[in-house]
Amino acid sequence: MMNYDGINMITCGSENCYVIRGKDGDILIDTGSTRYREEIGVWLDNYNIRLIFLTHGHNDHIGNAAYFAKRFDADIAMSAYDTALARDNKIHKLYRTGARGFVIMAASKMTFLSRSESFETNIFLEDGLPVGDICGIDDCVAVRLDGHTKGSFGVLHGKDLYLGDAAMNFVAPSFPAICESPKAARESLDLIRELKPERVFFGHGSPVMGDSHAYEKMFNKTIF
């Protein structure tokens, strides 16, 4: 568990989950894969999880959604498009982007072949949806960031952007190594530039943060 100036980040292996704290409860962003369930659960017992926000339907992000939703009596929010993907990660074609894509695809093969426990999506995400309202969190909205999957969403909380796998930071911040739509992924990165977040939190890799130009540093280091 790491705390970045009020940011609660749970890292297991290469996977990151986040908690945004609110007056009336807390939001869990992504749930990790099942093999890390106990480690993640130990940390989540410190919170009052009322909403589980799933950035997209891949198993390393939704693996514990059903379990934690039941454990904390929490609602689940995800895009309608990715609900089918959550049931079967193999239904949509993925494109590799660059040499790193071959490595990530090979490493993710078993994850995509596995099946996560089914769950009910209570809230279907739309761009601009105020997802923080249920927890008494101001200035917290869903942001459509499709490309990695066509139903990918992030969370913008003030100037903090939690972007799932819309970009990745394994070695340096980069274009998503695998995606359903490279064109849409590029458009989502353009949107991130327009949002000008001060801190960027990835589904995989360390945050980019520290000053008001963090988003520029992220993209200046990136070759698309």
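Predicted model: local features only at pLDDT ≥ 70, side-chain atom pairs only at ≥ 80, totals over all residues.
Local features need pLDDT of at least 70, side-chain atom pairs count only at pLDDT 80 or more, and totals for chains, interfaces and linings use all residues. Residues are numbered from 1 along each chain as its sequence is written, and side-chain values use heavy atoms, without hydrogens and water.

**Exercise 1.** Find which residues of α6 are buried and work out how they are arranged around the axis.

*Solution.* 
- Start by locating helix α6 at residues 182–195; helices are DSSP runs (H or I, at least four residues), numbered from the N terminus.
- Next, pick out the buried residues, meaning those under 20% relative accessible area (1.4 Å probe, protein chains only): Ala184, Ala185, Ser188, Leu189 and Ile192.
- They cover an arc of only 145° around the axis, so they sit on the same side of α6. The arc is taken from the directions from the helix axis to the C-beta atoms.
- Now turn to the face away from that buried side: Lys183 and Glu194 are exposed there, where exposed means over 50%.
- Finally, step just past α6, where Lys196 has a positive phi of about 55°.

**Exercise 2.** Place Val131 in the fold and list what Val131 touches.

*Solution.* 
- Look in the loop between β8 (123–124) and β9 (140–144); strands are DSSP runs of E, at least two residues.
- Check burial: Val131 is buried, at a relative accessible area of 6%.
- Then collect contacts (heavy atoms within 4.5 Å). Leaving out residues up to four places away in sequence, Val131 touches Ile27, Leu51, Phe53, Leu125, Cys140, Val141 and Ala142.

Key:
Expected span 1.5 Å × (residues − 1).
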